[in-house]
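The following report describes a single protein model for a reader with a computational background. Please consult the sequence and the coordinates alongside the text.

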Amino acid sequence: MIMDGAKADVGASDAIAPLGRRTRMLDRRSFLAGSAAGLSALGLAGCATSDGLILAEAAKVYGPMPDEKFPIPATDISKVDPKYYRRTVRYETKEAPGTIIVDPGNFYVYRVEGDGAATRYGANVGRDGFLWSGDAYVGRKSEWATWTPPKEMIRRQPEAAKYARGMPGGLDNPLGARTLHLYQNGAYTLYTIYASSEPDTIGTGITSGCVGLLSQDMIHLYSRTPVKTKVVILPA
């Protein structure tokens with residue numbers, strides 16, 4: 001089912017969360033965000049940069065976002081492997097600039113910048129049995145969307161029933177601050193690229209097929225991604 005306006009459809013919300021984490025997601029209190037600037041000081045892959053500089057730059061990029069509709073606190077970057085921090089890297093591809101490429105085998109999402117470069121983000125991806133691949137495109141975008149748990153989830157976790165009519169966007173909402181909804185051939189796939197509030201999930205396979213970026217990374221990608229952008233999901 002396609003989401004209507006800012007309201008999330010029930011299928012997409014179920015695709016985001018692994019069974020073991022959905023209850024935890026209902027009680028979110030700390031979302032992650034940061035500045036829109038990338039780790040430009042790191043330059044392209046292969047440049048020598050000290051660990052201290054990496055951490056200093058990451059602290060800026062993944063700092064608080066007080067001007068958001070729901071102010072977002074800084075992330076605890078100690079919970080994220082530095083290799084998953086946002087940065088510009090060498091990336092050769094025939095895809096056009098602006099294309100999003102998901103590499104679930106390595107837990108990365110790339111935005112092609114052209115001239116052999118890409119912005120790379122660390123990600124969480126689908127767990128075993130929920131991975132998929134192929135071409136899609138961004139059919140719709142949402143900011144602070146309403147989340148509605150599917151009936152199947154309510155049967156498994158009765159505590160979710162209180163949100164049967166929808167959980168408004170906010171810091172507790174599992175859909176996060178920004179969401180890119182993926183389509184194929186005019187139909188919503190129920191899969192998304194969404195904002196994750198759990199830094200310890202980056203670099204893991206935990207979802208039912210959706211792809212999660214740290215909230216500040218998702219906001220950065222979202223701002224540069226128009227509707228109709230091509231998305232390539234590589235085989236794991």
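Lysine 228 counts as exposed, at 61% relative accessibility; here buried means under 20% relative accessible area, exposed over 50%, and partly exposed in between, with a 1.4 Å probe and protein chains only. Lysine 228 lies in the loop between α5 (215-223) and β11 (230-233). Although lysine 228 is not a glycine, its phi is positive, at about 85 degrees. Most residues other than glycine have a negative phi, and most peptide bonds are trans.

Aspartate 115 also has a positive phi, near 55 degrees, and is a residue other than glycine. Its place is in the loop between β3 and β4 (117-122). With a relative accessible area of 79%, aspartate 115 is exposed.

## Basis of the model

The model is predicted: local features need pLDDT of at least 70, side-chain atom pairs count only at pLDDT 80 or more, and totals for chains, interfaces and linings use all residues. Residues are numbered from 1 along each chain as its sequence is written, and side-chain values use heavy atoms, with hydrogens and water left out.

## Overall composition

The protein contains 5 helices and 11 strands. Helices (H or I, at least four residues) and strands (E, at least two) are DSSP runs, numbered from the N terminus. Of its 236 residues, 56% count as buried. The accessible surface comes to about 10,200 Å², and carbon and sulfur atoms account for 54% of it; accessible areas come from the Shrake-Rupley method with a 1.4 Å probe, and for residues only the protein chains shown count as cover.

Contact means heavy atoms within 4.5 Å. Among contacts between residues at least 6 apart in sequence, 72% join residues at least 24 apart.

## Nonpolar cores

A nonpolar core is a set of buried Ala, Val, Leu, Ile, Met, Phe, Trp, Tyr and Cys residues joined through side-chain atoms within 4.5 Å. The largest such core has 20 residues, of which Tyr62, Tyr84, Tyr85, Ile101 and Tyr110 touch the most other members. At least two residues of this core come from each of α3 (51-61) and β3 (108-114). Another core, of 19 residues, lies apart from it and includes Leu180, Ile193, Val211 and Met218. In soluble globular proteins, nonpolar side chains tend to be buried together.

Strand β3 is mostly covered, with 6 of its 7 residues buried. Two strands pair if DSSP finds at least two bridges between them. Strand β2 (residues 100-103) runs antiparallel to β3 and is joined to it by 4 bridges; valine 102 stands opposite valine 109 in β3. The hairpin of β2 and β3 has 4 residues between the strands, and phenylalanine 107 there takes a positive phi near 60 degrees.

Valine 112 stands opposite alanine 118 in β4. The hairpin of β3 and β4 has 2 residues between the strands, and it is here that aspartate 115 takes its positive phi.

Strand β7 (residues 178-184) is mostly covered, since 6 of its 7 residues are buried by the criterion of under 20% relative accessible area. Strand β6 (residues 134-143) pairs with β7 in the antiparallel sense over 6 bridges, and tyrosine 137 has tyrosine 183 of β7 as its bridge partner.

β7 also pairs with strand β8 (residues 187-196), in the antiparallel sense over 5 bridges. The bridge partner of threonine 179 in β8 is tyrosine 194. The two strands form a hairpin with 2 residues between them, and asparagine 185 in the turn has a positive phi of about 50 degrees.

Cysteine 210 is found in the loop between β9 (205-207) and β10 (211-214) and is buried, with a relative accessible area of 0%. Cysteine 210 and tyrosine 194 are 16 residues apart in sequence, with a C-alpha to C-alpha distance of 7.5 Å.

Glutamate 68, in the loop between α3 and β1 (87-90), counts as buried at 14% relative accessibility. Its side chain makes a polar contact with the side chain of arginine 178 at 2.8 Å; a polar contact is a pair of N or O atoms within 3.5 Å, where within protein one must be able to donate a hydrogen and the other to accept it, and residues adjacent in sequence count only if both atoms are side-chain atoms. Not counting residues up to four places away in sequence, glutamate 68 touches Trp144, Arg178 and Ile219. Ile219 is one of the buried residues of α5, a helix in which 8 of 9 residues are buried.
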